[in-house]
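Work through the exercises below with the sequence and the model open. Each task is followed by its solution.

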Amino acid sequence: MKHSPLGVFSAEQNNGYQNYVRIPATQWRSLAQSTELPLTAQDVRRLATLGDPIDIAQADAIYRPLSALMQMYAQQTRKLRTQSSTFLQLTEEKTPWIIGIAGSVAVGKSTAARLLQELMRRWPATPNVDLITTDGFLLPNAQLETHGLMARKGFPESYDRHGLLNFLAAVKAGKRNLQVPIYDHVTYDIVPDKFITIDQPDILIVEGLNVLQPPRLSGADGEFRAVSDYFDFSIYLDAAEADLEKWYLKRIQKLRATAFTDERSYFRRYAQLSDLEVEALGRTIWQGVNLPNLRENIAPTRSRATVILSKSSDHSVQEVFLRKL
């Protein structure tokens, strides 16, 4: 798939995206003017991840209308579920509404996920909004090393895909007190015997690189299943490759001065590198790991999303693509 310079769809791609409505940011921001933004500038600064310069204006222009649209979708899903249960004479069970957020390393998935969590949990109908990342389902480093996959960390084969699928199936089944492993970005590994508990939220947000991959045969159960099978709504954050590389290099420079200095850090050996050495290291990681993963596994799933947020070089969302119903 050819990626256009600005992270939006080029002319030759139009045939593949005829099922999307293209909405400029200037038009998008006007869609929820009657909805109050329940966040402050301080909230936005707290929620923004390292290297993402989002401000209250961008949160207001992009994520307030998006959260309002998602509330509309969620309400209609609940209405249909109630009507179906009544028609079938079944007892309606609480089923969480699940959102998937995908995109490259450094594109701003975590910021988007946190903003949407805060916005949607302040709506009266959905006060309980949980957020997980698929990092918790990465295989432990010892297992990755055993299988020669440490250099492929973040690629689909580095995850406990069966565990993630079973977790989402249990969420959709309304099961309670489900445990999700915890990933520590400082130690760069799964934390042994530590979990977060997901207990029938109104909404669950699942953020990760590869969450929109199509179904493939599961050796564990002999069925074709995809993580996205369990999503009610999905978002892909898009940007040009050159911008993504620039943002990644900026982030690794900041990490060198912060997280890498922690004595527990897996990358502590890089804390004393010079700016030029860190940039060279970042380019090596980007070219050898992140860019191939983006091209092979992440970007090709873009057209499977409900909404695509297309970013420009300053991280601001310039266009929104909404899948037609």
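The model is predicted: local features need pLDDT of at least 70, side-chain atom pairs count only at pLDDT 80 or more, and totals for chains, interfaces and linings use all residues. Residues are numbered from 1 along each chain as its sequence is written, and side-chain values use heavy atoms, with hydrogens and water left out.

**Exercise 1.** State how many helices and strands the protein has.

Solution. Take helices (H or I, at least four residues) and strands (E, at least two) as DSSP runs, numbered from the N terminus. The protein then has eight helices and 11 strands.

**Exercise 2.** Give the strand order of the open sheet and explain which strands stand at the edges.

Solution. Two strands pair if DSSP finds at least two bridges between them. The order of the seven strands is β1-β11-β10-β9-β2-β6-β3, and the pairing is mixed. β1 (20–24) and β3 (129–133) each have a single partner strand, so one side of each lacks a neighbour in the sheet. Inside the sheet, β2 (residues 97–103) and β9 (residues 233–238) are parallel, paired over five bridges. Ile 99 stands opposite Phe 233 in β9.
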